[in-house]
Every structure is written in structure tokens, then in C-alpha cells.
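Here is a short tour of one structure, taken strand by strand and then core by core. Have the sequence and the 3D view open as you read.

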Amino acid sequence: MSAYPNPLKVGVFLAEPLIQLLDVAPVDMLAMLQRDYLQGMAYMAGQPALGAHGFDIEYFFINETGEGPNQMTGGFKVEVTHSITTCPPLDILLIGGPMPTHRPSAAVSQFLQAQYGHVRAFLTVCTGFLPALHSGVFDGKAATAPRGMLAGLKEEAPQVEWAEKRWVRDGKLWSSGAVANGQEMMAAFMREEFKDKKDAVELVLTMSDVSVRGEEYGA
């Protein structure tokens, strides 16, 4: 049995009024494991039995106030479902990238710390590390961030073990470098965390043709 409950509560935290769309796109890879979607993919692949291996997923799109929609790059908008005070404890939380100058409020920091204590997986993509870093979630842990920011981060946040990699895992904390590395990180996450659904995961990754180049740049 998977360590993850079913239904699965998946949250996306939107730290600012404008968020990079591709930073939160990895949540759609999880959505391919949703039972009704997976059934369609399994049928197309000629493996209909795999459709039973999906999750029922509840999605939570969260910002500080609960007001929305939240603007994304590319002219997209995301309907906000919860504020930091109405969001329940989650199983998986993904944070996409705000501007590099972002600093979370005290209330957001408390929310992220509380969710980190509950979730089974806490993932940051590109500058999505900023709310977590400045909330203390990264303290004492290994992590990565966009390559151009790492030199400064090693001086400004020495309490973190910074690594120049496409993604880094430290326990339930996963962080990625550039925006496109978020998909590679999510693929690695799915393979590692859903081993009891291995065939379904490989079907999703094969049919979506997600390239996973490995953690090390240059690999």
C-alpha cells in the first residue's frame, strides 16, 4: 500500500499576485495519476487494468487572503480555493516562483511551517524556494535554487546546504533549480514516492514524454 492517502490532498501555494505558470505546471503531472484521467490513458495504451491504480485527488489553490483569481504569466488566471486560514492540512504542497525580491508575511511563514509539519511532500520550483526559505523550512536541510542565485544564497543563508543541481531531495523536502527542472523533479518524486503504482507512473511519464536528465547539471 502507498504511504499516501486516497483521496490525496494536493495544494499549490501562490505566494504573489503574479506567479510563473510553468512553476506550478508540475501539479498537472500528478493530475495524470488521477483515477478518471489515468483510466483514459491506460485505455489508449492498451493497458486498461492500470486505470484502477489512480488516485482520487482534491486540489487546493491557496494564497494569503483567499481572494482571486490569481494572475499567472502568459495571461492565465487560477481560481483561488482557499486562504492560509481556511486551507486544511495537505498531503502534498507545491510552491511556484514569486519575484526574486519576495519575502513572506509572518502569517504565511506560520502557514508554511504548519503545513511542512503535516505534509508527506513539500516541493518548491525555481524561486518558489523563497517563501519556504524565509519561513525557516529550509534551515538545516539540503536544497537547491536557480543557479544564478546560489552564490549569493550560500552567503546569505549558510544554514542551508546549497547544492548546484537540477533538483535536491532532503527527506520530504524537494527543491528544483530552473523552472523546467520542476517537471524533472516531479517525475523523480513520482517514481520514488509511488513505487506501489510503478506501472501507472511509468505509463504517465512515457505518454507525456517527460525527459529526466538526472540531478546533476551536465548529465
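## Around β7

β1 and β7 pair in the parallel sense over 4 bridges; strands here are DSSP E runs of at least two residues, helices are H or I runs of at least four, and both are numbered from the N terminus. Two strands count as paired if DSSP finds at least two bridges between them. Within this pairing, V10 stands opposite I92 in β7. β7 is also joined to β8 by 4 bridges, and these two strands run parallel. Here L94 stands opposite L123 in β8.

This is a predicted model, in which local features need pLDDT of at least 70 and side-chain atom pairs count only at pLDDT 80 or more, while totals for chains, interfaces and linings use all residues. Residues are numbered from 1 along each chain as its sequence is written, and side-chain values use heavy atoms, with hydrogens and water left out.

Which residues of β7 are buried on each side? I92 and L94 are buried on one side, and L93 and I95 on the other, so both faces are covered (buried means under 20% relative accessible area, exposed over 50%, partly exposed in between, with a 1.4 Å probe and protein chains only). In a regular strand the side chains alternate between the two faces of the sheet.

The largest nonpolar core has 43 residues, and I92, L123, F189, M190 and F194 have the most contacts inside it. Such a core is a set of buried Ala, Val, Leu, Ile, Met, Phe, Trp, Tyr and Cys residues joined through side-chain atoms within 4.5 Å. Among the elements that give two or more residues to it are β1 (8-13), β7 (92-95), β8 (121-124) and α7 (181-193). α7 gives the most, with 6 residues.

Take M190 as an example: leaving aside neighbours within four places in sequence, M190 is in contact (heavy atoms within 4.5 Å) with M29, L30, L33, V201, V204 and L205. A second, separate core of 29 residues includes I84, V119, L150 and W162.

## A three-stranded sheet

Elsewhere, 3 strands form an open sheet in the order β2-β4-β5, with mixed pairing. β2 (18-19) and β5 (77-78) are the edge strands, each pairing on one side only. β2 and β4 (residues 70-72) run parallel and are joined by 2 bridges, with I19 opposite M72 in β4.
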